[in-house]
Amino acid sequence: MEKIMAVYDVDACYAERFADVVNQREKVPFTVVPFTSLEQLKEYAKGHQIEILLVSGGALPEQLKEINAQAVVTLAEGEIVSSTGSFPSVYKYQSTDSLIREVMAYYCEKPQPVLVAVGKRAKVIGIYSPIARCLKTSLALTMGQQLARDGKVLYVNFEVLTGFRSLIEGDGKGDLSDILYFFRQENFGVMRLKSIVRDWKDMDYIPPVKYPEDLEQLTGEEAANLVECLASECGYEYIIADLGQVICSMVPVLEKCDIIYMPVKEDGVSSAKLEEFEQYLDVTRHEDLKQRILRVKLPYHSSFGRRDTYMEQLLWGELGDYVRKLLKGVPWK
């Protein structure tokens with residue numbers, strides 16, 4: 001059933017522009033309907049259930065009783081935001097993505113059934129290697145960007161130190177630690193994910209943990225169950241799982257992957273590590289994983305410019321060319 005987010009603001013340009021922008025974004029699970037007249041809003045509410053009502057800060061609480069919205073959030077015009085009566089507030093003129101994430105976070109605080117996005121299970125692509133400094137994360141980010149050009153992609157990084165926050169600026173509100181908390185509390189679903197997920201160009205991503213300690217208690221089974229939930233219930237076509245080097249905790253996640261890309265190097269130590277990894281799979285009876293592992297020797301970058309354009313350089317440089325050729329041979333692409 002269609003879920004409605006109503007926006008009531010006397011500024012017609014703001015309400016209509018906001019609705020146009022949000023309705024063009026598939027990752028927002030609402031249809032946004034703009035209103036500049038309170039009477040029109042009340043009339044509309046008689047025949048439609050409004051899940052979220054965004055309303056000008058000047059509206060009086062008693063005026064909103066007839067709307068019967070599941071959640072009401074006021075739009076504050078000052079940068080210092082405070083609650084208006086019993087309603088939470090968000091800053092009106094921040095970026096649309098930031099505003100939506102704040103609204104979704106308030107909406108998720110109210111008791112409600114956990115929603116599941118309808119559709120087939122996403123393809124889970126694991127990026128893993130027992131070898132260090134092999135361009136593993138660069139491969140994951142490049143592949144995610146390329147796949148996002150014609151499909152819905154979610155990138156998840158399970159490493160303790162990623163460098164990702166320095167590459168892509170964010171507002172710092174919500175990350176993988178929060179996702180894990182809500183998942184453990186059985187209070188996780190599409191709405192909760194949308195309140196935390198960010199996007200870079202066409203690719204969605206969950207900001208990685210801020211502190212390594214946040215992953216210390218994560219078991220392989222928990223990580224695998226989370227990946228399966230993201231793939232089965234959240235409406236994506238591809239999940240990119242960028243995995244750390246702790247083998248015992250990552251094998252359950254690898255079992256969830258449809259294909260595993262493993263960057264390799266040809267020096268003696270790297271070859272020895274690969275042999276030990278395969279021996280570990282044999283001893284722990286995970287030999288079947290070998291059939292899903294595709295070893296890749298990535299082209300090393302000759303040079304890079306500024307760090308703030310690193311992501312663009314990945315996609316349109318040597319590694320981007322390599323990934324595009326790699327994906328041409330994938331039957332499910």
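How many aromatic pairs does the count come to? I started my notebook with that one, and the count comes to eight aromatic pairs. A reminder to myself before going on: this is a predicted model.

**Entry 1: a pair of tyrosines**

A pair of aromatic rings is described by the distance of the centres and the angle of the planes, so I looked up both. Tyr14 and Tyr93 have their ring centres 6.0 Å apart, with 80 degrees between the planes. I noted the pair as edge-to-face, because that word applies to planes over 60 degrees apart.

Which parts of the chain does this pair tie together? Tyr14 lies in helix α1, residues 12-23, while Tyr93 lies in the loop between β5 (89-91) and α3 (96-108). The pair therefore ties together parts that are 79 residues apart in sequence.

Tyr93 comes out at 43% relative accessibility, which makes Tyr93 partly exposed.

Tyr93 also has a second ring partner to write down. The rings of Tyr91 and Tyr93 have their centres 6.2 Å apart and their planes at 80 degrees, so this pair is edge-to-face too. Tyr91 counts as partly exposed, at 21% relative accessibility.

**Entry 2: the cluster, and charges over rings**

I then followed the ring pairs along. They link Tyr14, Phe18, Tyr91 and Tyr93 into a cluster.

What sits over the ring of Tyr14? I found the charged end of Lys92 there, 4.7 Å from the ring centre. Elsewhere in the chain, I noted the charged end of Arg192 over the ring of Phe182, 3.8 Å from the centre of that ring.

**Entry 3: α1 against α3**

Two packed helices are described by the angle between their axes and the distance between the axes. The axes of α1 and α3 come within 11 Å and cross at roughly 85 degrees. That angle makes α1 roughly perpendicular to α3.

Sorted by class, the contact has six nonpolar residues, one polar residue and no charged residues. I was pleased to see Tyr14 and Phe18 turn up again, as both belong to the ring cluster.

While I was at α3, I checked Glu102, which has its place in that helix. Glu102 counts as buried, at 18% relative accessibility. Leaving aside neighbours within four places in sequence, Glu102 is in contact with Val90, Gln94 and Lys173.

**Entry 4: α6 against α8**

Helix α6 covers residues 176-184 and helix α8 covers residues 220-233. Their axes come within 11 Å and cross at roughly 90 degrees. α6 and α8 are therefore roughly perpendicular to each other.

From α6, the contact uses Leu176, Ile179, Leu180, Phe183 and Arg184. From α8, it uses Glu222, Asn225, Leu226 and Cys229. These residues divide into six nonpolar, one polar and two charged.

**Entry 5: loops**

Which residues have a positive phi although they are not glycines? I wrote down two. Asn68 has a phi of about 55 degrees, and Lys201 has a phi of about 55 degrees as well.

Asn68 has its place in the loop between β3 (50-56) and β4 (71-76). At 52% relative accessibility, Asn68 counts as exposed. Lys201 lies in the loop between β8 (198-200) and β9 (203-205). Lys201 counts as exposed, with 56% relative accessibility.

One more loop residue went into my notes: Asp11, between β1 (4-8) and α1. Asp11 is partly exposed, at 32% relative accessibility. From Asp11 to Phe35 I count 24 residues in sequence and 9.2 Å in space, C-alpha to C-alpha.

**Entry 6: the whole chain**

Finally I stepped back. The chain has 12 helices and 12 strands. Of its 333 residues, 50% count as buried. How much of the contacts with a separation of 6 or more comes from residues 24 or more positions apart? I noted 72%.

Conventions
Residues numbered from 1 in each chain as written. Predicted model: local features only at pLDDT ≥ 70, side-chain atom pairs only at ≥ 80, totals over all residues. Heavy atoms only, no water. Phe/Tyr/Trp six-rings, centres within 6.5 Å; stacked < 30°, edge-to-face > 60°. Helix = DSSP H or I, 4+ residues; strand = E, 2+ residues; numbered from the N terminus. Buried < 20%, exposed > 50% of the residue type's maximum accessible area, 1.4 Å probe, protein only. Lys NZ or Arg CZ within 6 Å of the ring centre and 35° of its normal. Axes fitted to C-alpha atoms, helices over the stretch in contact; angles between N-to-C directions. Parallel < 35°, antiparallel > 145°, perpendicular 65-115°, else oblique. Contact = heavy atoms within 4.5 Å. Nonpolar A, V, L, I, M, F, W, Y, C, P; charged D, E, K, R; others polar.
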